[in-house]
Amino acid sequence: MERIIALRNEAKANGEPVLRDQSFAVLLSTVKENAPKSILEIGVNVGLSGIAMLLTEKNARLTGIEIDEQKIAIAKENYRTFGVDDRAKIFQGDASEIIPILTGEYDFIFLDGPKGHYYEYLPHLLSILKVGGVLFADNVLFRGYVGDKVKTPHRFNTTKHSMENYLNAITTNENLSTTIMDIEDGISITKRIK
């Protein structure tokens, strides 16, 4: 895991939007606790979170979605370097187009794609999340704008409202049990209970 941390630090220094350190630690502890066999990652970037999840859960397989072709090439190279390329595949394209046509079921979904689309994705994600499965989402408090801790600039209003709708949906659905953690940019951990 030391090599992953070094690569994460390098990616951060290069301005890549990698999962923040505390959130990364919670992600891995959640994966370890739930021991998923099938993971869906929305927003692969250069593959470091996916690799860490696969190294944490040796029996898991990962399906990723990423729109940026260059990042996919780097992610695939990283998968090979860490020896997880036989357990990971990536669909290239817009998650809004790919998520609705996914088949099969997943017992862990890591949502770290475009923030303004979480609510749009939710019904599709719940339809492929197994009972007992976990939906782990990053950036749910969106720079402090969600919940009005900070005045929201006009350009972020749509994303803020979408995220508020997402949080309302995952906290009021009786089929779900959700914990929201106010760390870094906010994470939510939602378990499908029925």
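**View A. Elements lining the largest pocket of the predicted model.** Strand 1 (38-42), helix 3 (48-56) and strand 2 (61-66) each contribute at least two residues to the lining of the largest pocket. Helices (H or I, at least four residues) and strands (E, at least two) are DSSP runs numbered from the N terminus. The volume of the largest pocket is about 590 Å³. Of its 32 lining residues, Pro17, Asn45, Asp112, Gly113 and Lys115 are the closest to the centre. A pocket is an open set of points on a 1 Å grid over the protein atoms alone, where a 1.4 Å probe fits, with protein on both sides within 12 Å along at least five of seven lines; lining residues have an atom within 4 Å of a point. The volume is the space filled by probe spheres set on the points. The lining comprises 14 nonpolar, seven polar and 11 charged residues, with Gly counted as polar.

This is a predicted model, in which local features need pLDDT of at least 70 and side-chain atom pairs count only at pLDDT 80 or more, while totals for chains, interfaces and linings use all residues. Residues are numbered from 1 along each chain as its sequence is written, and side-chain values use heavy atoms, without hydrogens and water.

**View B. The second largest pocket.** The second largest pocket holds about 190 Å³ of space. Its lining includes Leu7, Glu10, Ala11, Asn14, Asp68, Gln70, Lys71 and Ile74. Helix 1 (2-13) and helix 4 (69-81) are the elements that give two or more residues to this lining. Helix 4 provides the largest share, four residues. By class, five lining residues are nonpolar, three polar and four charged.

View C. Two strands pair if DSSP finds at least two bridges between them. Strands 1 and 2 run parallel and are joined by five bridges; Leu40 has Thr63 of strand 2 as its bridge partner.

View D. The structure holds three aromatic pairs. The ring centres of Phe108 and Phe136 are 6.4 Å apart and the planes lie at 25°, so this pair is stacked. Phe108 belongs to strand 4 and Phe136 to strand 5, so the pair ties together parts 28 residues apart in sequence. Rings of Phe, Tyr and Trp (its six-membered ring) pair if their centres lie within 6.5 Å, and planes under 30 degrees apart count as stacked.

Conventions. Rings of Phe, Tyr and Trp (its six-membered ring) pair if their centres lie within 6.5 Å; planes under 30 degrees apart count as stacked, over 60 as edge-to-face and the rest as tilted.
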